[in-house]
Amino acid sequence: MSNMRQITTIQSAAVQVSTIIGVGVLALPLIAVRAADSGAPLVTLLGLMVGYVGLFAITILGMRFPDQSIIQYSEVIIGKWLAWIGNLFAIVFFAVLTSLAAREFGEVVVTSVLKSTPVEVTVIVMLLLASFSCRNNIITFTYLHHFYFPLILFPGLGIVVLSMKNADLINLQPIIGNDPSHMLTGVLTIGALFQGTFIMTLVIPAMRKPQKALLAGFVGLLIAGGLYVAIVVAAVGVFGSEEIKNLLWPTLELAKATTLPANVLERLDAAFLAVWVTAVFTTLLSSYFLTIRMASEMFRLQDHKAISTFLLPFVFILAMLPTNIIQLYAVIEDVGRVGLYITIAYPGLLLIISLVRKKRGNQPSDNVMEPLH
Amino acid sequence: MPINSWFTSNNNGTKNSPQPASPSLEKLQDQTISNSLEETLQVIQGVMQNEDDLLVRRFHVFAQHPAVLIYYSSMINQTMVNQDVLKPLMKEMPSEKVGTEQLHDVILNDTLYHSQVNTDDRYTAVIEELLRGNTIVLIDGLTRAIIINTSSIENRSVDQPATEQVIRGPREGFIEMLDKNIALIRYRLLTPELRIKTMEIGRRSKSRVAVCYLEDIANAELVNEVFRRLSVIDIDAVLDSGYLEQLIEDNHHSPFPQVQYTERPDKVAANLLEGRVAILVNGSPLALIVPSVFNQFYQTVEDYTERYLLMSAIRIARLIALVFSLIFPSLYVAIISFNPELIPTEFAVAVAGGRAGVPFPAVVEVLIIEISMEVLREATIRLPQQVGGALSIVGVLVIGQAAVAAGFSSPITVVIIALTTIGSFATPAYNAALALRLLRFPLIIISGIFGLYGVMIGCILIANHMLALKSFGMPYLTPLVPGNFQGMKDLLIRAPLTWMPERPAFLLPKDKKRMSQASIDEIKKTKPDIVGPKANKEDP
């Protein structure tokens with residue numbers, strides 16, 4: 001039997017980064033600009049702070065119970081039945097998140113590259129890919145994220161760097177925006193884009209050094225959030241806030257507007273979208289993995305493989321419920337903000353109760369872990 | 001030493017405890033030789049059914065004890081039997097008369113001039129030794145048969161490895177005979193820690209399988225696992241190491257090889273030194289190396305014998321060829337059919353012009369040319385060497401040119417396919433190249449359906465499979481994922497030897513040190529100009 005505690009700190013940071021960076025990046029500048037015009041980078045930064053609150057709640061909880069996931073320790077903290085309700089909400093929420101991400105990317109693909117393909121096909125392909133890859137254990141799951149992490153980060157950074165030559169500093173001023181009244185909603189919506197941090201609850205029980213989880217989460221979120229802010233800065237810098245309001249996916253437009261030196265590829269948007277498949281895949285993988293792992297733990301199943309196939313049709317139906325892109329984005333923003341109750345308020349509550357009731361799990365011993373095998 | 005060890009271990013029957021090799025041996029299980037010569041002879045001849053090459057020579061030991069010599073005339077060294085067995089037994093008269101009770105010891109200790117002699121009293125053991133090409137001496141009144149190793153089987157000489165040629169490096173390759181192969185490894189690693197454990201696998205082939213490892217380097221649990229996986233194999237015959245490979249690998253349905261094979265003893269030695277385990281099979285010139293990770297399949301021996309800077313560049317070129325052979329045709333199909341706006345306009349126009357007369361969509365065109373290329377490749381391997389070269393030129397040049405002229409395919413397609421095929425041959429490991437070459441067909445089809453999106457989906461599926469794959473519990477993409485800094489120095493580039501003073505840690509070697517720090521410091525010191533131009537000593 002191989003040792004299941006073998007995820008390193010770097011790997012868990014990589015899981016964070018590749019989970020968070022996903023399809024949300026494509027519409028991110030639009031959401032930020034709608035909230036505060038040229039204050040978009042600031043809104044994104046504040047959203048990142050909201051993300052950090054959620055991350056700290058879930059990570060500190062995880063470090064108090066280093067051998068358990070949220071399903072198991074919530075039952076210890078607030079009792080079986082209350083935990084059951086909270087966990088059921090979390091499972092349903094991540095199933096919905098999976099379906100919305102798949103639908104959103106499906107829409108992007110059929111709108112920009114595969115114009116005559118039905119959206120159902122692109123959605124089901126992404127969902128199949130995610131459910132097929134979810135059949136592995138947490139170690140292989142981490143390997144997947146670790147492997148795709150550079151493939152996600154560098155194209156994103158590349159687009160930012162290449163588009164900078166078209167950027168104009170005046171577009172970014174004033175940095176607090178012209179009308180800060182909508183800022184709070186925007187901050188919460190963008191904060192919801194960082195809900196991937198919830199994956200820490202599954203990663204910590206497999207970490208070699210759970211005491212370093214906070215560091216891993218902090219660095220991971222910093223990298224992902226840094227890329228988010230950089231993309232918003234680049235998009236606003238290149239297009240200006242008024243222009244972005246007319247663009248559905250400003251990041252994709254940013255890719256369209258940039259060219260590689262020496263004109264190797266004339267346009268980058270299709271290539272960028274192709275590379276972005278990996279980013280969307282890792283996000284889907286994480287949220288679907290969360291769904292099925294939490295569900296199988298809650299129902300005390302030995303194996304999560306069967307449930308991965310079983311849940312797929314439901315997730316697919318959920319994904320097809322919004323009738324068009326406008327409605328889809330309205331749903332995404334609502335679900336995201338409601339989700340903050342699940343990804344921030346629920347762990348926060350658990351943390352406070354566990355502090356009050358002085359509940360904690362087994363602390364890992366300091367001795368060196370047995371190597372693999 | 002190795003020969004003795006297998007010789008004795010078989011007779012003692014401790015390992016691989018007597019497994020019925022055949023129905024006729026099963027009947028004789030646990031029966032021992034009687035002291036009547038005629039009776040014993042009858043039983044043996046009954047089993048052997050008087051084969052034409054089974055020789056039974058009657059004679060008298062020391063001119064008094066009736067005896068027989070039995071052997072397969074096709075498998076023995078005749079001179080050895082005459083000179084070292086028959087001659088001393090008939091001629092070397094002991095000074096006093098020897099009774100049957102002392103005969104056994106006298107023959108073993110004083111008479112026979114042969115170092116590999118053994119005795120046994122079980123019929124099964126005697127018959128198995130006979131089948132192996134050894135000579136049996138039965139003496140009237142003695143209840144133990146004398147077994148003398150006289151087997152001599154024709155073998156080819158140690159030759160250049162046919163499939164793994166190098167410009168710089170040893171020129172020896174393994175042959176079919178296990179003992180020669182062991183010798184080729186042993187003389188490279190003159191250390192008593194080199195363990196070569198042999199066992200027999202195959203009910204009917206009784207193939208000798210040797211497991212080689214370095215006791216003080218290889219991880220003990222890895223070695224145990226290798227033995228465990230080998231010991232559960234129960235098959236009628238192991239005719240090549242390829243049989244074993246398929247029986248011990250982790251994932252039997254993966255296209256990717258999880259066990260490396262090589263016919264180079266120097267490669268085996270290098271892998272043993274890294275802490276891996278090698279498996280050799282009698283009758284196969286290919287050794288298996290476990291565990292194997294993906295990066296081994298694009299590395300060559302030359303990477304280490306030639307200067308690191310050049311070989312690093314060549315290794316990267318090899319890796320690019322490997323990736324190209326997988327995705328190049330599908331990228332072409334995706335860009336031409338779905339996103340022609342990606343490529344520069346002039347080139348797009350040229351491609352469109354070339355494709356003007358082609359009636360099929362790009363995916364069909366590429367598939368047709370790919371399949372005909374695979375057919376040509378397979379045909380060239382099967383053809384006799386004398387016509388192979390000529391036909392491949394006809395096949396590739398003439399058919400390619402004619403296909404374009406006939407409007408069957410565009411010239412750029414032919415260029416793409418030719419590049420892909422050549423790229424797949426740049427990979428040193430045939431089985432890894434084959435895996436990627438096979439996988440490019442589904443990629444082409446999916447790219448014809450979904451364009452670049454499909455190519456990415458296909459690549460993600462392949463990458464996910466590779467990430468989930470393991471070889472003896474070791475993740476297939478180590479040292480990339482999970483990351484290992486020591487191993488990464490030998491991943492894309494080949495770092496200088498002085499940068500790699502430790503063995504790759506992911507193999508969990510017991511002894512980590514490869515080079516001592518003192519030696520590295522000394523090597524890195526600036527060298528004095530010993531034979532540089534001497535400062536104006538002999539100048540006029």
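How many residues does the contact take from chain A and from chain B? The answer is 28 residues from chain A and 28 residues from chain B. Please keep in mind as we go that this is a predicted model.

Let us look at the chain A side of that contact. The elements that give two or more residues to the side touching chain B are helix 1 (9–20), helix 6 (119–133), helix 7 (138–163) and helix 13 (269–298) of chain A. Helix 13 of chain A gives the most, with six residues. Sorted by class, the side of chain A that touches chain B has 17 nonpolar, nine polar and two charged residues.

Now step back to chain A as a whole. Its secondary structure comes to 15 helices and zero strands. The radius of gyration of chain A is 20 Å, close to the 21 Å that the globule rule gives for 373 residues, so chain A is as compact as a globular protein of that length. Along its principal axes, the C-alpha trace of chain A spans about 55 × 40 × 40 Å. Of the 373 residues of chain A, 55% count as buried. Among contacts in chain A between residues at least 6 apart in sequence, 85% join residues at least 24 apart.

Helix 4 (residues 70–78) of chain A gives a local view of this burial. Its buried residues are A:Ile70, A:Ile71, A:Tyr73, A:Ser74, A:Ile77 and A:Ile78. What covers these buried residues includes helix 3 (40–64), helix 5 (80–112), helix 9 (200–203), helix 13 and helix 15 (325–356) of chain A. After helix 4 of chain A comes A:Gly79, whose phi is positive, near 90°.

Moving to chain B, the domain assignment gives domain 1 (2–148), domain 2 (178–292) and domain 3 (307–471).

Four bridges join strand 2 (residues 65–72) of chain B to strand 4 of chain B, and the two run antiparallel. B:Val68 has B:Leu138 as its bridge partner in strand 4 of chain B, while the partner of B:Ala67 there is B:Ile139. Three bridges join strand 4 of chain B to strand 5 (residues 145–148) of chain B, again antiparallel. In strand 5 of chain B, B:Ile148 is the bridge partner of B:Thr135. The hairpin of strand 4 and strand 5 of chain B has five residues between the strands, and B:Gly141 takes a positive phi near 95° in this hairpin.

How enclosed is strand 4 of chain B? Five of its five residues are buried, so strand 4 of chain B is largely enclosed by the rest of the structure. In a regular strand, side chains alternate between the two faces of the sheet. Here both faces are covered: B:Thr135, B:Val137 and B:Ile139 are buried on one side, and B:Ile136 and B:Leu138 on the other.

A further open sheet of chain B has five strands in the order 6-7-9-10-8, with antiparallel pairing. Strand 6 (194–201) and strand 8 (260–262) of chain B stand at the edges with a single partner strand each, so one side of each is left without a neighbour in the sheet. The twist averages 25° from one strand to the next. Inside the sheet, strand 9 (residues 277–281) and strand 10 (residues 287–290) of chain B pair in the antiparallel sense over three bridges. B:Ala278 stands opposite B:Ile289 in strand 10 of chain B. Helix 10 (residues 265–274) of chain B lies across strand 7 (207–214), strand 8, strand 9 and strand 10 of chain B, running at about 50° to strand 7.

Finally, consider domain 2 and domain 3 of chain B, whose centres, taken over C-alpha atoms, are separated by 35 Å. Their contact takes 12 residues from domain 2 and 11 residues from domain 3. On the domain 2 side, the residues divide into six nonpolar, five polar and one charged.

Note on methods:
Residues numbered from 1 in each chain as written. Chains lettered and ligands numbered in written order. Predicted model: local features only at pLDDT ≥ 70, side-chain atom pairs only at ≥ 80, totals over all residues. Rg over C-alpha atoms; globule rule 2.2 N^0.38 Å. Buried ≥ 20, exposed ≤ 12 C-beta atoms within 10 Å, placed from the backbone. Contact = placed C-beta atoms within 7 Å. Nonpolar A, V, L, I, M, F, W, Y, C, P; charged D, E, K, R; others polar. Pairing = 2+ DSSP bridges. Axes fitted to C-alpha atoms, helices over the stretch in contact; angles between N-to-C directions. Domains from an automatic or database assignment.
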